[in-house]
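Open the model in your viewer and show it as a cartoon. The stops below say what to select and what is there.

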Amino acid sequence: MKELDPLLHSQLRLAVMSVLMNLDKADFVYLKEKTDATAGNLSVQLDKLSTAGYITVEKGFVGKKPRTVCSVTEKGRRAFEAYVDALRQYLNL
């Protein structure tokens, strides 16, 4: 059987990727609300996904407010699909 990607096996990172797979992009506030994560924990997990090349993180401003926007890369999309396929094998679906 295929091994489950340890980077995606984390609950919060998997939740972030699941949300982003269905959107072009999502901002930090939206991801925080959808995952019910703390700002600090979400920030750390986004950094891990970004370092792995699974997501891109764009930082900017809207007026004077900082805004962080994330989107899935092609590498991230492939990794997520492989993770789901491996999970299906484990579940015998």
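Predicted model: local features only at pLDDT ≥ 70, side-chain atom pairs only at ≥ 80, totals over all residues.

How are helix 2 and helix 3 oriented to each other: roughly parallel or roughly perpendicular? Select residues 28-35 for helix 2 and residues 39-51 for helix 3. Two packed helices are described by the angle between their axes and the distance between the axes. Here the angle is about 110° and the axes are 10 Å apart. Angles of 65 to 115 degrees count as roughly perpendicular, so helix 2 and helix 3 are roughly perpendicular to each other. The crossing of helix 2 with helix 3 is right-handed.

Next, show the side chains where these helices touch. On helix 2, select F28, L31 and K32; on helix 3, select A39, L42, S43 and L46, which they meet. The residues of this contact comprise 5 nonpolar, 1 polar and 1 charged.

Now turn to the sheet. Strands of a sheet pair through backbone hydrogen bonds, either parallel or antiparallel. This open sheet has 3 strands in the order 1-3-2, and the pairing is antiparallel. Select 26-27 for strand 1 and 55-62 for strand 2: both stand at the edges with a single partner strand, so one side of each has no neighbour in the sheet.

Look for A26, with C70 of strand 3 opposite. Strand 3 also pairs with strand 2, over 8 bridges; V62 has K65 as its bridge partner.

Finish at the hairpin of strand 2 and strand 3, where 2 residues lie between the strands. Select G63 in the turn: its phi is positive, about 65°.

Definitions and conventions:
Residues numbered from 1 in each chain as written. Heavy atoms only, no water. Axes fitted to C-alpha atoms, helices over the stretch in contact; angles between N-to-C directions. Helix = DSSP H or I, 4+ residues; strand = E, 2+ residues; numbered from the N terminus. Parallel < 35°, antiparallel > 145°, perpendicular 65-115°, else oblique. Left-handed = near helix turned anticlockwise from the far one by under 90°. Contact = heavy atoms within 4.5 Å. Nonpolar A, V, L, I, M, F, W, Y, C, P; charged D, E, K, R; others polar. Pairing = 2+ DSSP bridges.
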